[in-house]
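Dear colleague,

Please find below the structure that I am handing over to you. My notes on it follow the display.

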Amino acid sequence: MNSPARGAISRLEGIVSGGALTSDPEKLVGYTIDGLTPSAAVRPSSPEEIVEIVKFAGSENLAIVACGARTKIGIGLAPRHYDIAIDATRLNRVVAYDPGDLTLSVEPGVPICNLQRSLNEHGQFLPHGAPFMTRATVGGTFASGVEGPLRQMYGTARDFVLGMEFVTGDGVAGKSGGRVVKNVTGYDLHKLLIGSLGTLGIITKINLRTFPSPQPVRGFAAHFAHAADALACRDSVATSALRPITFDILSSHVADLFSGDAARRIEPNELPDGLLSRNGWTLATGFSGNDDVLDRCENELRAMAESAGGTHFARIGDDKTPSAVAAAFGRVREFVPIALESSAACTIMKLSVLPEHLEHAIAAAMHAADDHSLPWAAVARGIGVIYVALLPDARDEKFMKCVAGATNRIHEDCARLGGNSTIPWCPGEWKSALNVWGPERPDLPLMRKIKSVFDPQGILAPGRFVGGI
Amino acid sequence: MDAKLLGELQKLLGSDNVLHKAEDLLLYEYDGSVEIGRPDCVVFPQNTEQVVGIVALANRFQTPLVGRGAGTGLSGGALARTGGILTVFSRMNRILQVDAKNQRASVQPGVVNSDLSAAVAHLGLHFAPDPSSQKACTIGGNVSENSGGPHTLAYGVTTNHVLGMQVVLPTGELVRIGGSAVDATGYDLTGLFVGSEGTLGLVTEITVKLTRLPEETKTLLAIFDRVEDATETVAELTARGITPAACEMLDGWSLRAIEAYIHAGYPVDSAAVLLIDVDGLREAAAAQVQKVGEVCRAHNAREVRAAKDSKERDLLWKGRKNAFAAVGRLSPCYYVQDGVIPRTKLPATLRRIEEIGKKYGFEIGNIFHAGDGNLHPIVPFDPRDKDQFRRAVAASDEIIEYCVAAGGTITGEHGVGMEKDRLMPLMFSEAELELMKRVRNAFNPAGLLNPEKIFPSKKGCGEIHSRPLRGAPSEVSVA
């Protein structure tokens with residue numbers, strides 16, 4: 001830490017309430033991002049305090065990274081500067097919950113699983129099956145823009161976040177949207193904040209739509225020799241009347257990952273027997289509805305799987321074994337944390353393509369990994385998203401080059417398909433050698449404009465976002 | 001207007017595509033709201049290059065520029081409030097691509113909403129947002145206003161169905177934002193542009209999601225003798241997590257107006273009806289019909305009638321979708337609000353609207369998206385009676401203030417435009433509005449694109465109230 005920053009930190013102590021600031025190097029290690037450790041971490045207890053901290057940081061030209069439980073703090077490029085961590089975990093109130101209206105207003109530090117438990121008491125839930133579920137906060141989940149298998153039915157954060165409050169880089173308490181389910185008043189600024197990695201504002205409140213828990217639910221697994229067969233089954237379902245709530249296709253390597261030692265450390269850690277194919281691809285899908293609906297879904301899905309070349313079809317669980325269904329879908333949801341836990345050098349690419357191009361994108365990823373002798377595992381969602389985990393044996397220079405070669409090729413192939421590709425997770429020291437945000441987009445200049453409006457001084461997580469924003 | 005600018009526009013577009021005579025402009029000085037704004041000229045671009053050219057000319061001549069689709073908007077969003085060039089997209093109305101396999105379509109902004117659904121129906125698909133004006137309104141307009149409609153209850157509003165677009169920025173640059181795949185990398189610019197009411201750019205191409213048509217749709221008409229029972233039914237359906245595809249309420253006053261015009265088969269002696277669509281798999285729809293029926297009957301529904309065939313269903317919906325036209329036959333002018341409230345507050349809010357009506361001497365009608373809590377109270381007034389007009393605005397304002405106090409908002413789907421700019425401070429602080437303005441200015445630095453919309457001007461409320469309104473004395477009558 002340079003000495004001007006040290007002096008500033010002591011002045012910062014004067015503006016935050018007692019005990020909310022730490023500059024103890026041992027504690028600060030936990031806030032390290034890609035080898036950078038801040039000079040201080042602050043745990044504010046009100047949005048007003050955040051305004052004061054941000055204004056202070058602005059006046060001293062100190063860089064801030066906001067965080068929650070820090071489960072996804074590694075996403076994005078390394079920050080160019082990092083002086084203060086604003087830890088939002090003390091902003092952890094459910095401000096309002098109106099079960100009768102199915103709306104909710106929460107502070108960012110609420111752990112997402114606690115929230116799910118409270119909603120569950122009213123037969124409701126937040127349809128955001130995002131990874132790191134047992135530890136993640138609501139704020140971090142939305143700020144990082146992660147998504148999950150439930151998007152098949154419910155969409156992503158942009159579809160159910162109703163409004164937000166936030167503090168911009170120049171200390172303005174901003175707001176957009178509202179608390180009701182339909183609203184076109186003013187610009188939808190909250191859509192910009194979703195997935196912005198804290199580069200536009202520090203979220204202080206999130207208004208959400210809740211949903212009735214889908215019950216009962218039945219889960220199914222079908223095995224296929226090739227990804228193409230599983231995708232043919234996807235196409236049949238997509239043109240049928242069936243409306244699955246999740247629809248994921250898993251490579252054979254996922255079976256190894258899910259049954260490995262590392263996976264046992266990630267909850268939920270019980271995997272139903274026979275769920276995953278070890279020599280082909282597995283389709284894991286779920287439906288909800290009454291028995292008549294579920295019976296019909298089961299029969300039609302089985303027929304579709306068979307005609308697509310399915311080699312095995314089984315019910316994962318049903319309303320009599322809800323924990324089996326929850327465990328199976330929990331595993332699929334936690335693919336990223338499990339892969340990260342399995343290899344210190346794990347590098348995960350996220351691709352999004354038109355559903356029609358899933359097959360090509362998967363094949364491209366597979367060939368790029370194989371050609372660079374990298375073990376890999378992949379999960380593809382039916383709506384057109386693929387996560388490819390590259391699992392090198394060691395976190396060293398040699399493997400970094402292999403990973404750079406493979407990921408560059410995947411970026412190119414994905415761009416040729418008109419899709420998007422990024423590397424949300426990789427070892428921090430590899431970020432300068434990898435193309436973390438993928439090929440440059442034509443709308444990058446507009447994103448820079450947005451950044452300059454929200455954070456004119458560039459003190460919010462500088463450099464983490466696309467194009468080094 | 002500047003003769004030189006007019007000449008340049010005629011050169012760019014051909015004189016057939018430029019209107020500038022007073023009698024021609026008259027048609028374009030209004031939309032579906034009570035506002036007026038007269039452009040200096042109206043232009044009809046036929047391709048993106050021409051739109052780029054129009055923007056360049058607006059910049060060169062420092063002339064205001066406003067985009068417009070079919071002019072069905074309900075908040076003055078597509079009116080040339082400060083004059084200038086009104087760019088009408090009705091001749092850019094081609095469906096560029098239908099991609100059934102990926103459930104996508106690319107369209108020009110002037111494509112009429114229901115034309116897209118009609119064009120893909122044979123593929124078992126549709127474009128889900130369905131504003132009541134869908135037979136006239138354009139997808140470009142839907143994007144600008146983030147339009148809703150009855151079936152957005154289950155299917156979401158426009159923003160949930162738009163993935164990307166091509167935009168001409170006010171500075172003249174042509175850019176593509178978002179894409180056809182989901183999760184475009186970076187900030188969600190598409191999410192910002194949808195609903196920005198034409199203040200950030202002129203959209204020239206839109207990529208939308210197409211939604212599979214449900215296997216089964218059942219339409220129910222639940223008939224009530226008390227408004228309260230209908231609103232309680234909606235609150236309970238919501239609380240029990242029963243989400244129909246659509247759940248519309250029409251009160252007795254509206255029913256009688258519609259029935260006289262459309263003959264949709266509505267019970268004219270009832271206090272309110274709920275028009276409910278239930279859809280999905282056959283088995284799921286059947287179960288939901290039963291559940292909905294139970295809740296209606298538990299709240300004293302006199303009758304829950306199921307449309308026996310698609311003909312009867314279409315007729316019931318025709319009544320709803322033409323409701324405002326029907327009201328127009330009863331009253332020379334009416335003021336429609338668009339407030340939203342938490343669904344738990346529906347019964348109390350409808351009671352309050354009735355009280356407000358009594359206070360100001362109106363019978364206020366209600367035709368609205370009950371399932372979303374999106375109210376459309378209709379205050380009929382005679383524009384020749386200045387006092388009545390003032391009372392109509394006052395009554396509407398009081399309803400909106402009540403919605404905001406109940407935790408709701410001032411507009412659910414019609415937009416802020418010219419009509420509700422003065423109400424924005426009810427929702428946002430000065431600092432919050434200033435931040436939104438900074439976003440606008442980043443894209444629209446000279447303020448030439450759709451000026452004086454969304455954000456309140458510095459003038460006092462009284463002064464704004466006296467602005468010329470359509471239908472007011474000395475203005476064109478629409479009766």
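**Helix α14 of chain B**

The buried residues of α14(B) are F389(B), A392(B), A395(B), S396(B), D397(B), I399(B), I400(B), Y402(B) and C403(B). Please bear in mind throughout that this is a predicted model. The cover over these buried residues of α14(B) includes β16 (333–336), α13 (346–360) and β18 (377–381) of chain B. Helix α14 of chain B comprises 20 residues, 386–405, and at 1.5 Å a residue should span 28 Å; the C-alpha atoms at its ends lie 29 Å apart, which agrees with that expectation. After α14(B) comes G407(B), with a positive phi near 95 degrees.

**The seven-stranded sheet of chain B**

Two of the elements that cover α14(B), β16(B) and β18(B), also belong to an open sheet of seven strands in chain B, ordered β15-β12-β14-β13-β17-β18-β16 with antiparallel pairing. At its edges are β15 (303–306) and β16 of chain B, each of which pairs on one side only. Direction ignored, neighbouring strands of this sheet are turned against each other by 20 degrees on average.

The antiparallel strands β16(B) and β18(B) are joined by four bridges, and Y334(B) is placed opposite P380(B) of β18(B). Two helices that pack on this sheet may be described in turn. Helix α10(B) touches β12 (216–224), β14 (272–280) and β15 of chain B, and its direction makes about 160 degrees with that of β14(B). Helix α12 (residues 323–330) of chain B touches β13 (246–251), β16, β17 (365–368) and β18 of chain B, and its direction makes about 25 degrees with that of β18(B).

**The five-stranded sheet of chain B**

Chain B also holds an open sheet of five strands, in the order β5-β6-β10-β8-β9 and with antiparallel pairing. Here β5 and β9 of chain B are the edge strands, each pairing on one side only. From one strand to the next the twist averages 10 degrees.

Within this sheet, β5 (residues 95–99) and β6 (residues 104–107) of chain B run antiparallel and are joined by four bridges; V98(B) faces A105(B) of β6(B) as its opposite residue. The hairpin that these two strands form has four residues between the strands, and Q103(B) has a positive phi near 55 degrees. Six bridges connect β8 (residues 162–168) with β10 (residues 202–209) of chain B, again antiparallel, and Q166(B) has E205(B) of β10(B) as its bridge partner. Helix α4 (residues 113–120) of chain B lies across β5 and β6 of chain B, at about 40 degrees to β5(B).

**Strand β6 of chain A**

In chain A, strand β6 (residues 103–106) is covered on both faces: T103(A) and S105(A) are buried on one side, and L104(A) and V106(A) are buried on the other. In a regular strand, side chains alternate between the two faces of the sheet.

Four bridges link β6(A) with β5 (residues 94–98) of chain A, and the two strands run antiparallel. V94(A) is found opposite V106(A) of β6(A). The hairpin of β5(A) and β6(A) has four residues between the strands, and L102(A) in its turn has a positive phi of about 55 degrees. β6(A) is also joined by four bridges to β10 (residues 201–209) of chain A, in an antiparallel arrangement; in β10(A), N207(A) is the bridge partner of S105(A).

**The contact between the chains**

How many residues does each chain give to the contact? Chain A and chain B contribute 64 residues each. On the side of chain B that touches chain A, the elements giving two or more residues are β9 (174–178), α7 (189–193), α8 (227–239), α10 (282–298) and α15 (430–443) of chain B. The largest share of that side, eight residues, belongs to α15(B). By type, that side of chain B consists of 28 nonpolar, 24 polar and twelve charged residues.

Helix α15(B) meets α17 (residues 444–454) of chain A: their axes come within 9 Å and cross at roughly 145 degrees. The crossing of α17(A) with α15(B) is right-handed. α17(A) makes this contact through K449(A), S452(A) and V453(A), and α15(B) through R438(B), V439(B), A442(B) and F443(B). Four of the residues in this contact of α17(A) with α15(B) are nonpolar, one is polar and two are charged.

With kind regards

Methods:
Residues are numbered from 1 along each chain as its sequence is written. Chains are lettered from A and ligands numbered from 1 in the order in which they are written. This is a predicted model: local features need pLDDT of at least 70, side-chain atom pairs count only at pLDDT 80 or more; totals for chains, interfaces and linings use all residues. Ala, Val, Leu, Ile, Met, Phe, Trp, Tyr, Cys and Pro count as nonpolar, Asp, Glu, Lys and Arg as charged, and the others, Gly among them, as polar. The expected span of a helix is 1.5 Å times one less than its number of residues. A residue is buried if 20 or more other C-beta atoms lie within 10 Å of its own, exposed if 12 or fewer, and partly exposed in between; C-beta atoms are placed from the backbone. Axes are lines fitted to C-alpha atoms, for helices over the stretch in contact, and angles run from 0 to 180 degrees between N-to-C directions. A crossing is left-handed if the near helix is turned anticlockwise from the far one by less than a right angle, and right-handed if clockwise. Two strands pair if DSSP finds at least two bridges between them.
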